Amino acid sequence: MLSYNYKIFLYLMMFLFSIKSFAIDEVLDLKLSSLSEDDISLIHPIIIDSNTQKVVSIIPFNNEIISLHKSELEYDERRVLKNTLKTYIKRTKSLLNNIKKKKLLIENIALRNEVKSTLVMNKVFMETAYEDFKFDQINTEVRYYITKYNNNPVVITRSIDTLDTLDIDLVMSNPDNIVDTRLNRSGAIKRASVENVRSIARDIRSNYPSIRHLSAYVKSPILEANYRRMGFETSLYCN
């Protein structure tokens, strides 16, 4: 019988290979011992203001960790995350429909295609993550790291413990923030993925000393650039 995590992997791969533009790009690795305290310190978001200028928010990000070691009845945070994913999936479908019907008008064709492909990929990742919550299964290896601004989830990352490595296999975003950041609209929240991976490193250092490496599957060029700036390098297993 297939293991639970392997079923999740197969579900993701079926989606990815069903869409030609979703070829696997990079797997990046990071040795945690290479990071200084400054490398993983809490950062503040950059917000696009009403004049489309970038300003550093006086309000920092806040982070939450949710594991699947308890059922929804025992652990309400799990139910809240399930509903967040469900809401974001529904919202993504609405945004894609609005783009298709030109209710959300993006005149630049290249930018429009980028926004659409990013939303579709994000929806695939969220639908894959939602499989964790469908049957309320217990899984002590999976953790979700959520980075919030004003207590609203901006980035949600699914991770799996594998011996001495934490695998970051799904990085998902608030779909409205995807649109806002790509179109440079007022209210866009930037640097959330940077804070998210920093929060992961802080948690692992403090609470899981046996884990020495982070391994990340990255599809987004922006996410890849953020991770590489932090010190991630191409995995030797990809060569």
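The model is predicted, with local features needing pLDDT of at least 70 and side-chain atom pairs counting only at pLDDT 80 or more, while totals for chains, interfaces and linings use all residues. Residues are numbered from 1 along each chain as its sequence is written, and side-chain values use heavy atoms, with hydrogens and water left out.

Reader: How many salt bridges does the structure hold?
Author: A salt bridge is counted where a side-chain nitrogen of Lys or Arg lies within 4 Å of a carboxyl oxygen of Asp or Glu. By that criterion, the number held by the structure is 16.

Reader: Is R202, which meets E195 in a salt bridge, buried or partly exposed?
Author: The side chains of R202 and E195 meet at 2.6 Å, N to O. Buried means under 20% relative accessible area, exposed over 50%, and partly exposed in between (1.4 Å probe, protein chains only). E195, at a relative accessible area of 0%, is buried. R202 has 23% relative accessibility, and therefore counts as partly exposed.

Reader: Which strand holds the partner of D169 in its salt bridge?
Author: D169 and R158 meet at 2.8 Å, N to O, and both residues are buried. D169 lies in strand β7 (residues 165-173), eleven residues apart from R158, which lies in strand β6 (residues 152-162).

Key: Helices (H or I, at least four residues) and strands (E, at least two) are DSSP runs, numbered from the N terminus.
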